[in-house]
Amino acid sequence: RVYEDAALRRHMSHGEPSDGVLGAVEPHPKCEYCSFRLFDNDAYLKHMKSEHEVCELCHRGGEFGDHFRNWGGVVSHMRRRHYVCPHAECLALLNNRSFADAAFVSALDL
């Protein structure tokens, strides 16, 4: 399919129904941080992992939906959702992207 500008924007944001010859096309996923669209979900996930941040604690637990603009977003998320050790040494580790000994999935692990 070939599109002019307005039709391309509509295609990317809304997808296309099946026309009987070509199958339906899902909308192209949009990065909420960069405000551009990627080809498919695989490209979206690759972009999110390379350009943004994921919570490794959630990722290890099988949750893949949460992405964050930067590391500060991950730290805020960990403080809300997980268990962060309050000691200064542990907080310094967390702020330096070394969360293995600073943030935990459960209070028991803490």
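Contact means heavy atoms within 4.5 Å. The views below come from a predicted model, in which local features need pLDDT of at least 70 and side-chain atom pairs count only at pLDDT 80 or more, while totals for chains, interfaces and linings use all residues. Residues are numbered from 1 along each chain as its sequence is written, and side-chain values use heavy atoms, with hydrogens and water left out.

View 1. Leu94 touches Trp71, Val75, Met78, Val84, Phe99, Ala102 and Ala103, not counting residues up to four places away in sequence. A nonpolar core is a set of buried Ala, Val, Leu, Ile, Met, Phe, Trp, Tyr and Cys residues joined through side-chain atoms within 4.5 Å. Buried means under 20% relative accessible area, exposed over 50%, and partly exposed in between (1.4 Å probe, protein chains only). The largest core has 15 residues; Cys55, Leu57, Trp71, Met78, Leu94, Phe99 and Ala103 touch the most other members. At least two residues of this core come from each of α3 (56-60), α4 (71-81) and α5 (88-95). The top contributor is α4, with four residues. Another core, of five residues, lies apart from it and includes Cys31, Tyr33, Leu38 and Tyr44. Helices (H or I, at least four residues) and strands (E, at least two) are DSSP runs, numbered from the N terminus.

**View 2. Helices α4 and α5 where they meet.** Trp71, Val75, Met78 and Arg79 in α4 meet Leu91, Leu94 and Asn95 in α5. The two axes come within 10 Å and cross at roughly 140°. Axes are lines fitted to C-alpha atoms, for helices over the stretch in contact, and angles run from 0 to 180 degrees between N-to-C directions. α4 and α5 are therefore oblique to each other. Angles under 35 degrees count as roughly parallel, over 145 as roughly antiparallel, 65 to 115 as roughly perpendicular, and the rest as oblique.

**View 3. The two sides of helix α2.** Tyr44, His47 and Met48 are buried in α2. Down the helix axis, these buried residues fall within an arc of 95°, so they line one face of α2. The arc is that of the directions from the helix axis to the C-beta atoms. Asp42, Lys46 and Ser50 are exposed on the other side. The buried residues pack against β1 (53-54) and β2 (67-68). At the start of α2, a side-chain oxygen of Asp40 reaches to within 3.3 Å of the backbone nitrogen of Asp42.

View 4. His47 sits in α2 (residues 41-51). It counts as buried, at 8% relative accessibility. Beyond four places in sequence, His47 touches Cys31, Cys34, Phe36, Leu38 and His52. Lys49 also lies in α2, but counts as partly exposed at 49% relative accessibility. Leaving aside neighbours within four places in sequence, Lys49 is in contact with Val54 and His59. Lys49 and Phe68 are 19 residues apart in sequence and 9.7 Å apart in space, C-alpha to C-alpha.

**View 5. Cys58 in helix α3.** Cys58 is found in α3. At 4% relative accessibility, Cys58 counts as buried. Its contacts, leaving aside neighbours within four places in sequence, are Glu63, His77, Arg81 and His82.

**View 6. Ser35 in a loop.** Ser35 is in the loop between α1 (5-14) and α2. Its phi is near 60°, a positive value in a residue other than glycine. Ser35 counts as exposed, at 51% relative accessibility.

Methods
Polar contact = N/O pair within 3.5 Å; in protein donor to acceptor, adjacent residues only side chain to side chain.
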